[in-house]
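Q: Can you walk me through this one? I'd like to start with helix packing, then move on to the chains.
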Amino acid sequence: MTAFWFPAWPRSRVAILRTALYLFVVVDVLWATGFVAPHGDVPGGLYQPLFIGRVLPLPTPTPLLVAGIQVVLVVAALVAAAGRLPRVAGWLVFALYLEWMVIAFSYGKVDHDRFGFLVALAVLPTVGLARWGDDERDERAGWALRAIQVAVVATYFLAAWAKLRYGGLEWVNGSTLTRAIVRRGTFLSDPLLDVPVVLQATQYGIIAFELASPLLLVPGRWGRRMLALAVAFHLVTFASITIIFLPHVMCLLAFLPLEKIRAVGSGWKPPQFDRTNDQREARAASTMRRTARPKAASTAGGRPAAKSSRNDRSWST
Amino acid sequence: MTARGRSIRAAATACVLLTLLAGSAWGEDDHFPFGPFRMFSRTTKSTGRVTASRIEAVTTEGRTITIADARLGLRRAEVEGQIPRFRRDPALLRHLVAAYERFQPDAPELVELRVVNDISRLTDGRVTSHETRVVAAWAREGP
C-alpha cells in the first residue's frame, strides 16, 4: 500500500507536468472554458450558487469580480508554470481556479471533467521545488503523481457507476447516444443515427472501457494500451459530439514518464518510449546485462542517465 | 519524506476518496467537485423522445427571432438547467431579457421571450417526428 501511494518518482516528472498543467490553466481561463468570463455580466438572478458557494459563502459574480479573478489567476498560473514560488503561487492557483469553477457551474449546469484537474492543482504545490532535469527520486513527487492518476481513474470508473445510478440498464440498452447525436451531432456521427445497433454497441463499449480504467494504473504494456485507448476515446467523442474533457485529458500526462523529455540544456532528444527500445531494454534487463543498454536510453540531454532504473521505461511506473 | 508528511498525505487521500465515494453514491451536481460523474448519464428509451431547448423572442418590430444562448452569456445546458425555475415562475425570464439587453445593447428591444422545447420523437431508436412546445413565456407589461 505504501509502495503504491508513495512511489519514489523523479521530481523532474512533476516539474514538467506542473509546467504543462499551469500553462493549461492560462489556456483554459482565457479560451478553452470561455463561457465562464461572460457569467460576470449575466444578471445575478440567474446565479444559483453550488453548495460550496453557499457554505463559504462566495459572492455573486460581477463583471469586476470575474475580471479580477481572471487576471490574478492567469498571473499566478504563469508564475507557477515557470517553477517560481511553487507553494504560494500553486495554492493561489488552486483557490482561484476552484472559485472560477464555482462561477462556471452555478448557472444551471455542472461539468464533470474537473475532478482530476482540481486534484492536480491541489497536490502539485505539496511537492515544493522541482526542476526540469532534477531526476532525484522523491516520495512527495510520487504521491502527487499517484493522486492525480487515481483521480483520473476514479473519474472514469465512477462515471460508469453514475450511468447505472441515473440511467440504469437502459443506459446501455436504450438510445443514449442517439440523444447525444440528435443534440450535438457532427457530419461524422449524424449518419450513425440510421444504424442504431452500432450506437448501442458503442454504449456497451463505453461502459466496458470505464470499468476497465483501473488498468491505467498497471505498469507496463497494459497500462500503455489503456492510456492509448483513453486518448482514442476522447478523440472519437470530440469527432462525434464536439465535446472534449480537456482538463481531464491534460491529467493523462501524469501517466507518462515525462522526465524523458529533456529539452533543457544542450539539444533536444525525442522521448524514448518507442516499442523497439522497450523490447531491447526488456531483453537487456532480463539478461541482467546493464551495460548492454541502447545508447539512446543511456544518454539524455548529453548526460548519463545514472539514476534511471528499469521502472523508468514504463509509462505508468 | 517525514513520517508526519506521509501521515498528513495519507489522511488527506482517505478523506478525499471517501467524500468522492459518498458524493457518487448519494450526492448531486450541487456537491461539486465531489458530486457524481454523471456526464451523459441520462438515457433515452428507444421509443421515446429527445428534447433540446431554444429561446425565442419577439422584438418591438414584431419580428420573431431565435436567440443563441451564447448571446445571453449562457450555455444551452445552463438555460435547460434552470427550466424548472422558469416553469415555476415565468417572471424569472426577465433575467434572460436583461442578459440579452446587456450583451446586445444596440439590438431592438424585446417585447416577448419564451423558452421552447424542440422535441424529436424516436421509434425503435430512429427519429420519426418533430414538434415544438413552449415551456415558459414572458411578455413586457404595459404599453
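A: First, a term. A crossing is left-handed if the near helix is turned anticlockwise from the far one by less than a right angle, and right-handed if clockwise. Also, this is a predicted model.

Q: Good. Which way does H2(A) cross H4(A), left-handed or right-handed?
A: Left-handed.

Q: At what angle do H2 and H4 of chain A pack?
A: About 160 degrees, with the axes 8 Å apart. H2 of chain A covers residues 11-32, and H4 of chain A covers 63-81. The angle makes H2(A) roughly antiparallel to H4(A), because anything over 145 degrees counts as such.

Q: Which residues make that contact?
A: On H2(A), they are Arg18(A), Thr19(A), Tyr22(A), Leu23(A), Val25(A), Val26(A), Val29(A) and Leu30(A). H4(A) brings Gln70(A), Leu73(A), Val74(A), Ala77(A), Leu78(A), Ala80(A) and Ala81(A).

Q: And by class, what does the contact of H2(A) with H4(A) have?
A: Twelve nonpolar residues, two polar and one charged.

Q: Next, H10(A). How does H7(A) pack on H10(A)?
A: At about 135 degrees, with axes 7 Å apart. H7 spans residues 139-167 of chain A, H10 residues 196-211. H7(A) and H10(A) are therefore oblique to each other.

Q: What touches what there?
A: H7(A) uses Tyr156(A), Phe157(A), Ala159(A), Ala160(A) and Lys163(A). H10(A) answers with Ile207(A), Glu210(A) and Leu211(A). That contact of H7(A) with H10(A) divides into six nonpolar, no polar and two charged residues.

Q: What about H9(A) against H10(A)?
A: H9(A), residues 176-184, packs on H10(A) at about 110 degrees, axes 8 Å apart. That makes H9(A) roughly perpendicular to H10(A). Thr176(A), Leu177(A) and Thr178(A) of H9(A) meet Pro196(A), Leu199(A), Thr202(A) and Gln203(A) of H10(A). By class, the contact of H9(A) with H10(A) has three nonpolar, four polar and no charged residues.

Q: Switching to chain B. What's the order of elements?
A: The pattern along chain B is α-β-β-α-α-α-β-β. In total, there are four helices and four strands in chain B.

Q: Is chain B compact or spread out?
A: More spread out than a compact globule, because its radius of gyration is 22 Å, well over the 15 Å from the globule rule for 143 residues. The C-alpha atoms of chain B fill a box of roughly 75 × 45 × 25 Å along the principal axes.

Q: What domains does chain B have?
A: Domain 1 (1-39) and domain 2 (49-139). The C-alpha centres of domain 1 and domain 2 of chain B lie 37 Å apart.

Q: How many residues of chain B are in contact with chain A?
A: 46 residues of chain B, in contact with 48 of chain A. On the chain B side, elements giving two or more residues include H1 (3-26), S3 (110-123) and S4 (126-139). H1(B) gives the largest share, six residues. The classes on the chain B side are 20 nonpolar, 15 polar and eleven charged.

Q: What's up with phi of Leu85(A)?
A: Phi is near 40 degrees there, a positive value in a residue other than glycine. Leu85(A) sits in the loop between H4 and H5 of chain A. Most residues other than glycine have a negative phi.

Note on methods. Residues are numbered from 1 along each chain as its sequence is written. Chains are lettered from A and ligands numbered from 1 in the order in which they are written. This is a predicted model: local features need pLDDT of at least 70, side-chain atom pairs count only at pLDDT 80 or more; totals for chains, interfaces and linings use all residues. Axes are lines fitted to C-alpha atoms, for helices over the stretch in contact, and angles run from 0 to 180 degrees between N-to-C directions. Angles under 35 degrees count as roughly parallel, over 145 as roughly antiparallel, 65 to 115 as roughly perpendicular and the rest as oblique. Two residues are in contact if their C-beta atoms, placed from the backbone, lie within 7 Å. Ala, Val, Leu, Ile, Met, Phe, Trp, Tyr, Cys and Pro count as nonpolar, Asp, Glu, Lys and Arg as charged, and the others, Gly among them, as polar. Domain bounds come from an automatic or database domain assignment. The radius of gyration is taken over C-alpha atoms; the globule rule is 2.2 Å times the number of residues to the power 0.38.
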